[in-house]
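Student: I'm new to this one. Could you pick a single part, look at it closely with me, and show me what surrounds it?

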Amino acid sequence: MTLGAAGLACGLGFAALAAVATELPDGWVASLALAAGSLGGLLIAAWAGWKLKTWPSGKLGFFRDRLVVILGRHEMRALWAAMETVTLSEPGSWPQVKLTDRLTIHLKNEPALAFKPAQFGLAPAACRDLILRLRDDSRLRARLPEFDSARDLAISPVVAGELIEPRL
């Protein structure tokens, strides 16, 4: 975003200077150089805008005890211990398995979690393999950060000390 704004500002600034330079006697040489600088700034702004448009639309977080998927305002969590199967097959397609680009994680006693890894800039098969490896290898998961969310603390505040008013 910053690179795009800087490129746009430089492009417009150089274009204005090129317009002023054309009014000067023998200023056409300077206006050509300034126009080239303006074109370069606008190209940088366009490149930054294209990169921003292709930015992944969601967030995928791997923590020691869980996987967190955030798509827009929707947050989904899956504990590693609760994962039963991780598959790219279409649900209910057994015995004729049909592979899709949607990753489905079936959990114990919870609804399944499904998302498209391409929304996070990941290849579906590689994402499935990574999740399976993290689910099965506790030593590898130990290298991941611990889950710590300000939202969790806001929902259940830390209480220390004894109860002030005893309730019967």
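This is a predicted model: local features need pLDDT of at least 70, side-chain atom pairs count only at pLDDT 80 or more; totals for chains, interfaces and linings use all residues.

Tutor: Residues are numbered from 1 along each chain as its sequence is written, and side-chain values use heavy atoms, with hydrogens and water left out.

Of the chain's 168 residues, 27% count as buried (under 20% relative accessible area; exposed is over 50%, and partly exposed lies in between, with a 1.4 Å probe and protein chains only). There are 5 helices and 6 strands, in the order α-α-β-β-β-β-β-β-α-α-α from the N terminus on. These are DSSP runs numbered from the N terminus: helices are H or I with at least four residues, strands are E with at least two.

The part I'd pick is helix α3, residues 124-136. Its 13 residues reach 18 Å from first C-alpha to last, close to the 18 Å expected at 1.5 Å a residue (the expected span is 1.5 Å times one less than the number of residues). Which residues of α3 are buried? They are C127, I131 and L134. Seen down the axis of α3, those buried residues fall within an arc of 65°, so they line one face of the helix; the arc is that of the directions from the helix axis to the C-beta atoms.

What lies over the buried residues of α3? The cover includes β1 (58-62), β2 (66-71), β4 (83-89), β5 (99-107), β6 (113-115) and α4 (138-141).

Take a few of those strands in turn. β4 is mostly covered, with 5 of its 7 residues buried. β4 and β5 run antiparallel, joined by 5 bridges; strands pair if DSSP finds at least two bridges between them. One of these bridges partners T85 with H106 in β5. Another 3 bridges join β5 to β6, again antiparallel, and there L103 has F115 of β6 as its partner. The hairpin of β5 and β6 has 5 residues between the strands, and N109 takes a positive phi near 55° there.

Now the rings: the whole structure holds 2 aromatic pairs (Phe, Tyr and Trp rings, the last by its six-membered ring, with centres within 6.5 Å; planes under 30 degrees apart are stacked, over 60 edge-to-face, the rest tilted). F62 and W80 are stacked, at 6.4 Å centre to centre and 15° between planes. That pair links distant parts of the chain, 18 residues apart: F62 in strand β1, W80 in the loop between β3 (74-79) and β4. The rings of F115 and F120 have centres 5.5 Å apart and planes at 85°, so that pair is edge-to-face. F115 counts as buried at 1% relative accessibility, and F120 is buried too, at 11%.

How values were computed
Contact means heavy atoms within 4.5 Å.
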